[in-house]
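This report covers one protein model.

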Amino acid sequence: MNGLQSVETSYATELIRKGIHMSSLAIPVVYYFITRETALSILIPLLLLFGISDLARIFIPSFGSFYERWFGFLLRRHERAEQGHRRLNGATYVLLSATLCVWLFPKMIVLTAFAILIVSDTAAALVGRKFGKHRLMQHKSIEGSTAFFISALIVVAIAPKVQYLPLEYVIGTVAALVGAVVEAVSGEMIDDNLSIPLSIALVMWGLYALLLPTLSFVALEGLQ
């Protein structure tokens, strides 16, 4: 999420949030070394744990009060139960998107899509809040979206490829642009922790099928 300065949260709080968000880079890093089955055996229990606690925060007042007291400063306005909203928090969406991506897509695509989510969403939020002056969408700025795209290109440049063909970098660049657009248009109703990696993965998978139909992902899938 990138955006112009607002009274919703201080920049210091955003730094804390994005510091926690960056820790999710462990997901693609660890996934590089393990199989899909092992990854899902870790992600699914974590998703259930976070998801159930998140639902308890929303629907059980006593637990919600405890959660808000200790962790409420990390929640965005639309995630706060006392505001009349019933939205899962960002951590739950990160685990949900990671689980779906690992389940649905080849490993190499997941590594790129999820790394872009973590790195570029963080860059967009911090740059947008600090330097955002030109409004792009409701809570987004041109500066934040530019930071997203540039950082996504860096991720594409260093992320694993199937055979490191020039077309693979083109595919990654197009997917990075799509991710920047999706991040810019995602609002409170569509959590970008879910929309960004899924859209990037879908675009990459489609472009690989269209432009490099004979390329096999099997070698990287078996890496462990």
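## Terms and basis

Contact means heavy atoms within 4.5 Å. Helices (H or I, at least four residues) and strands (E, at least two) are DSSP runs, numbered from the N terminus. The model is predicted: local features need pLDDT of at least 70, side-chain atom pairs count only at pLDDT 80 or more, and totals for chains, interfaces and linings use all residues. Residues are numbered from 1 along each chain as its sequence is written, and side-chain values use heavy atoms, with hydrogens and water left out.

## Overall fold

The protein chain has 10 helices and zero strands. From the N terminus, its elements read α-α-α-α-α-α-α-α-α-α. Of the 224 residues, 49% are buried. Buried means under 20% relative accessible area, exposed means over 50%, and partly exposed lies in between (1.4 Å probe, protein chains only).

Take the contacts between residues at least 6 apart in sequence: 76% of them join residues at least 24 apart.

## Helices α7 and α8

For α7, 17 residues should span 24 Å, and the end C-alpha atoms are 25 Å apart, which agrees. For α8, 20 residues should span 28 Å, and the end C-alpha atoms are 29 Å apart, which also agrees.

Both helices have buried residues. In α7 they are Glu143, Gly144, Ser145, Ala147, Phe148, Ser151, Ala152, Val155 and Val156. These pack against α6, α8 and α9. In α8 the buried residues include Glu168, Ile171, Gly172, Ala175, Ala176 and Gly179. Ala180, Val182, Glu183 and Ala184 of α8 are buried too. Their cover includes α6, α7 and α9. An α-helix has 3.6 residues a turn, so residues three or four places apart point the same way.

## The nonpolar core

A nonpolar core is a set of buried Ala, Val, Leu, Ile, Met, Phe, Trp, Tyr and Cys residues joined through side-chain atoms within 4.5 Å. The largest one holds 42 residues, of which Ile109, Met204 and Tyr208 touch the most other members. Two or more residues come from each of α3 (36–59), α5 (90–104), α6, α7 (142–158), α8 and α9. Helix α6 gives the most, with 11 residues.

Which residues does Met204 touch, leaving aside neighbours within four places in sequence? They are Met108, Ile109, Thr112, Ile171 and Ala175.

## The cavity

The structure holds one cavity of 30 Å³ or more. On a 1 Å grid over the protein atoms alone, a cavity is a set of points where a 1.4 Å probe fits but cannot get out; lining residues have an atom within 4 Å of a point. Grid points are joined across faces, edges and corners, and a volume is the space filled by probe spheres set on the points. The largest cavity contains about 30 Å³ of space.

Its lining is formed by Met108, Thr112, Val156, Ala159, Lys161, Glu168, Gly172, Met204 and Tyr208. Helices α6 (107–131), α8 (166–185) and α9 (192–211) each give two or more residues to this lining. By type, the lining has five nonpolar, two polar and two charged residues. Here Ala, Val, Leu, Ile, Met, Phe, Trp, Tyr, Cys and Pro count as nonpolar, Asp, Glu, Lys and Arg as charged, and the others, Gly among them, as polar.

## Individual residues

Gly179 sits in α8. At 0% relative accessibility, Gly179 counts as buried. Beyond neighbours within four places in sequence, Gly179 contacts Phe148, Ile196 and Ile200. Gly179 and Ala201 are 22 residues apart in sequence and 9.4 Å apart in space, C-alpha to C-alpha. Val174 also lies in α8. At 36% relative accessibility, Val174 is partly exposed. Val174 contacts Val203 and Leu207, neighbours within four places left aside.

Leu55 belongs to α3 and is partly exposed at 42% relative accessible area. Its contacts, leaving aside neighbours within four places in sequence, are Ile60 and Leu88. Tyr164 is in the loop between α7 and α8. Tyr164 has a positive phi of about 55 degrees although it is not a glycine. Most residues other than glycine have a negative phi. Tyr164 is partly exposed, with a relative accessible area of 49%.

Methods: 1 Å grid on protein atoms, 1.4 Å probe; cavity = no way out; pocket = protein on both sides within 12 Å on 5 of 7 lines; lining within 4 Å. Expected span 1.5 Å × (residues − 1).
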